[in-house]
Amino acid sequence: MRLLLLGCTGFVGKELVPQLIQSSHQLTLVSRRLPRGYDAERSDGRLTWLQLDPAQAASWHDSSLQGALSEADGVVNLAGEPIAEQRWTPAHLKVLENSRLETTRLLVEAIAVLKTPPQVLVNASAIGFYGTSREACFQESSAAGSDFLASLCERWEAAAAAVPTGTRLVTVRIGIVIAAGGGALGKMLPVFRAGFGGPIGSGQQWMSWIHRNDLCALIQRGLEDSAWTGVVNGVAPQPVSMNEFARELGRSLGRPSLLPVPGPVLQVLLGDGAKVVLEGQQVQSERLDSLGFSFRYPDLSSALAAATS
């Protein structure tokens, strides 16, 4: 397939892009970053890198981007600024919104004017769609929550849902992504390896997670398998509490995991953004079994062993 990829030069894209190249897909990467890596693939035409900001309307008037979209068989849109890496000031909330909503809106508008639209759009969302709860268990059919993240995800998904009916839409509500070198685990590993690790906040909050390798496989299946359509929760089958996560991470590293990080400390650092870590949701998928998807890392111990080895 000829694929157009937005937001795929970060933590998830680091594994997704090589996987898609390995599967002989031809890629066009759209990123605000300077072209970096993939020298052989860029030189032989297997990968094209367009340094553009897809959240800016002017980018969609670029002839290279217009050409890549018109020739694309499929599109992956993972664009969005990280949610829990700084305080939620009014300015930062606008960045969180624009990076998702404007990118998706402009992409869908560009698709709508094509004579031959892409066959498939795999668009990211997040399990923040469901809001937070210590008791409830959420599945794809569950209703949206009522907090800021739920509203953002709901609007994000609505923007993608405006794609023309000729384009199959797969919306992946992504959980906490586990892999070395980034994401939540990347921040926790140095602390745990130094022997100062422990649960964050009460420890009772749910963590619905997925290993990056499984998430990339899921995205690829969404691109390639015409049976995949609609919303899919990108989470492993076994969500855990923060206490369990910290205990399992300490065990995998052979380090103690007894020193909790008090919630107020995180709130000082991140403000409202701390809610992502201090609260949580138990999310499972009622669809992945019937779609024939099998996890390489279905349990936390195998996922952490792979990520920390």
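In this predicted model, V76 stands opposite V122, a residue of strand β5. The two strands concerned, β4 (residues 74–77) and β5, run parallel and are joined by four bridges. Between them the chain passes through helix α4 (residues 90–112), and this β-α-β crossover from β4 to β5 is right-handed.

**Strand β5 and its partners**

Strand β5 also pairs with strand β7 (residues 168–174); these two run parallel and share seven bridges. Within this pairing, L121 stands opposite L169 in β7. How many of the seven residues of strand β5 are buried? Six are, so the strand, which spans residues 120–126, is largely enclosed by the rest of the structure.

| Partner of β5 | Bridges | Direction |
|---|---|---|
| β4 (residues 74–77) | four | parallel |
| β7 (residues 168–174) | seven | parallel |

**Helix α1**

Helix α1 covers residues 13–22, and seven of its ten residues are buried, so this helix is largely enclosed by the rest of the structure. The buried residues of α1 are G13, E15, L16, V17, Q19, L20 and I21. Among the elements that cover them are the strands β1 (2–6), β2 (26–31), β3 (47–51) and β4, together with the helices α2 (39–43) and α7 (212–224). Just after α1, S24 adopts a positive phi of about 75°.

E140 is located in the loop that lies between β6 (137–138) and α5 (148–161).

The side chain of E140 does have polar partners. It reaches the backbone nitrogen of N233 at 2.9 Å, and it makes a polar contact with the side chain of S285 at 2.6 Å. Not counting residues up to four places away in sequence, the residues that E140 touches include Y130, R173, V231 and V232.

**F148 in helix α5**

F148 belongs to helix α5. F129 lies 19 residues from F148 along the chain, and the C-alpha atoms of the two are separated by 9.3 Å.

Key. Residues numbered from 1 in each chain as written. Predicted model: local features only at pLDDT ≥ 70, side-chain atom pairs only at ≥ 80, totals over all residues. Heavy atoms only, no water. Buried < 20%, exposed > 50% of the residue type's maximum accessible area, 1.4 Å probe, protein only. Pairing = 2+ DSSP bridges. Right-handed = clockwise from strand over helix to strand, strands pointing away. Polar contact = N/O pair within 3.5 Å; in protein donor to acceptor, adjacent residues only side chain to side chain. Contact = heavy atoms within 4.5 Å.
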